[in-house]
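Please read it with the structure open.

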Amino acid sequence: MLRLTWVQPEDLIGHELRQATQDGREPARIAARWRAAGGPDAPAGAGASPGPVSRYLRLLAEDLLDELADLPSRLADEEPTDLARIRALCPDWPAQPAPATQPAPTPLRLEAAWLGRAAGCLLGKPVEKLPLTAIRELARSTGNWPLNTWFTARGVPEELTAAHPWNRRSATTSLAENIDGMPEDDDLNYPLLNLLLLQRHGPRFTTTDVAKLWLDELPAGRTFTAERIAYRNLLSGLEPPLTARHRNPFREWIGALIRADVHGWTNPGAPATAAEQAYRDATLTHTANGVYAAMFTAATIAEATTGTRDIHACLRTGLTVVPPRSRLAEAIHHGIQLAQSHRDFDTVVDELHATHAATYHWVHAIPNTALIAAALTHADGDFTGSICRAVSGGWDTDSNGATAGSIAGLLAGSPATLAERWTSPLKNRLATSVSDFNGTGFDTLAQLTHSLAHLETAHP
């Protein structure tokens with residue numbers, strides 16, 4: 001029996017009830033109707049419940065999803081999705097520099113960013129979906145805590161792996177003893193897609209251009225959560241931005257954030273331009289805080305790409321494109337403050353989990369962005385410290401490691417400054433199902449990104 005993940009209405013309704021509460025709506029009456037009919041909760045650790053529900057419950061779920069979408073939100077004024085309204089709420093929105101003042105980063109700096117993204121992602125892959133306690137116990141069992149290198153199964157007691165099995169899809173390619181190049185991952189697929197996007201459409205691409213590119217180049221089975229919902233909506237004949245809103249309870253999750261890097265890499269010193277590109281990309285699939293997370297990441301990376309600012313200045317720049325009274329801005333400020341206040345990063349992580357874990361899903365953009373900012377701040381931008389802190393904090397470990405690695409790699413400036421234990425196992429190649437990039441080297445990707453950064457500076 002096929003139970004397609006992330007799209008069954010009876011599985012979406014539980015997530016939407018939770019999302020509605022988070023974004024300022026009052027779903028209690030609708031929730032009561034769902035439960036009175038015998039409707040199940042959202043699957044706790046998977047994208048689909050184990051078996052189908054009755055036809056009545058499926059139809060009821062569809063109706064209730066639409067009713068939930070019509071509920072007014074008390075946060076609508078503080079957390080808009082319209083770009084003009086976002087800008088109006090941001091008093092320190094970055095000024096647009098003249099094109100001549102936007103120095104293109106060196107290919108070596110961009111190669112370090114690509115390698116950093118890959119290494120951070122790969123570090124987090126074997127422990128994705130595991131609870132924080134499991135991550136700590138597995139690493140401690142091999143003397144790798146505080147986390148400082150790849151996870152390994154060698155020396156881990158059998159009873160521990162039985163209680164906390166590695167991510168079954170990733171262990172064969174991401175544990176230290178198994179790494180042989182960079183395996184396929186959506187955290188690398190999306191930067192590749194955005195290279196194609198800029199190649200084909202230039203920096204003035206539209207959200208519709210993103211949609212068409214996905215339909216041409218992105219296999220549906222390689223999408224998850226909000227991206228899969230948007231893909232389904234496209235195939236149903238819906239157009240952006242409705243693709244992000246229609247029956248999509250994942251619209252504030254992390255998916256848009258992981259697509260932001262190329263927008264920053266190709267706009268050095270131009271955080272506003274990077275954020276606006278990330279906005280056009282993100283609104284295919286996300287709204288409000290899900291969009292802000294992508295804009296924050298793109299602006300932070302654009303500042304880091306110049307090689308002239310430290311991590312703290314880069315994060316401050318990222319915050320200038322986030323509505324200051326949004327939940328995301330509050331969470332990022334809190335994460336940075338915790339990182340500045342505590343010497344022990346485990347204490348920072350425990351505080352973040354105490355604040356967010358009961359409210360948000362482990363893939364939601366708000367807690368994960370706060371963790372990324374905290375990890376980078378606490379490590380002072382150091383590469384190993386940044387990716388290890390980001391992954392050791394749990395939640396979406398591979399995505400957080402990837403973004404932290406991209407930013408810290410830029411700050412490092414060159415592959416030669418990254419420890420060989422992170423770069424050598426990657427063997428200068430990655431696997432992907434995107435276009436003809438399979439097997440491409442990170443040096444080649446850096447050269448291509450560099451050429452696109454030159455293209456960006458030619459468009460005022």
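What pLDDT does the protein chain average, and what share of the residues score at least 70?

1. **Confidence.** The protein chain averages a pLDDT of 95, and 97% of the residues score at least 70. pLDDT is the predictor's confidence in each residue, on a scale from 0 to 100. This is a predicted model, in which local features need pLDDT of at least 70 and side-chain atom pairs count only at pLDDT 80 or more, while totals for chains, interfaces and linings use all residues. Numbering starts from 1 along each chain as its sequence is written, and side-chain values use heavy atoms, with hydrogens and water left out.

2. A contact means heavy atoms within 4.5 Å.

3. **Fold content and size.** The protein chain has 23 helices and zero strands. Both are DSSP runs numbered from the N terminus: helices are H or I with at least four residues, strands are E with at least two. The radius of gyration is 21 Å, close to the 23 Å of the globule rule for 460 residues, so the protein chain is as compact as a globular protein of that length. That radius is taken over C-alpha atoms, and the rule is 2.2 Å times the number of residues to the power 0.38. Along the principal axes, the C-alpha atoms fill a box of roughly 60 × 55 × 45 Å.

4. **Packing and surface.** Of the 460 residues in the protein chain, 61% are buried. Buried means under 20% relative accessible area; exposed means over 50%, and partly exposed lies in between (1.4 Å probe, protein chains only). Take the contacts in the protein chain with a separation of 6 or more: residues 24 or more positions apart account for 75% of them. The protein chain exposes about 17,200 Å², and carbon and sulfur atoms supply 51% of that area. Accessible areas come from the Shrake-Rupley method with a 1.4 Å probe; for residues, only the protein chains shown count as cover.

5. **Charges.** The protein chain has 40 positive and 51 negative charges, and their mean positions are 2 Å apart. Lys and Arg count as positive, Asp and Glu as negative; His and the chain ends are not counted. Each charge is placed at NZ of Lys, CZ of Arg, CG of Asp or CD of Glu.

6. **Backbone points to check.** Most residues other than glycine have a negative phi, and most peptide bonds are trans. Two cis bonds deserve a look. The peptide bond from W145 to P146 is cis, with omega near 0°. P146 is in the loop between α6 (132–140) and α7 (158–163). The bond from P240 to P241 is also cis, with omega near 5°. P241 is in the loop between α11 (225–235) and α12 (242–245).

7. **Positive phi.** T225, in helix α11, has a phi near 45°, a positive value in a residue other than glycine. Its relative accessible area is 8%, so T225 is buried. A288 is not a glycine either, yet has a positive phi of about 40°. A288 is in helix α15 (residues 288–305). A288 is buried, with a relative accessible area of 8%.

8. **S406.** Which residues does S406 touch, not counting residues up to four places away in sequence? They are A113, G116, R117, D261, W265 and I301. S406 lies in helix α21 (residues 397–412). Its relative accessible area is 0%, so S406 is buried.

9. **L57.** This residue is in helix α3 (residues 55–69). L57 is buried, with a relative accessible area of 9%. Leaving aside neighbours within four places in sequence, L57 is in contact with W34, A37, G38 and G39. L132 is 75 residues from L57 along the chain, and their C-alpha atoms are separated by 35 Å.

10. Is T423 buried or exposed? T423 counts as buried, because its relative accessibility is 19%. T423 sits in helix α22 (residues 420–423). Not counting residues up to four places away in sequence, T423 touches L115 and L418. A313 lies in helix α16 (residues 311–319) and is buried, with a relative accessible area of 6%. A313 and T300 are 13 residues apart in sequence and 8.6 Å apart in space, C-alpha to C-alpha.
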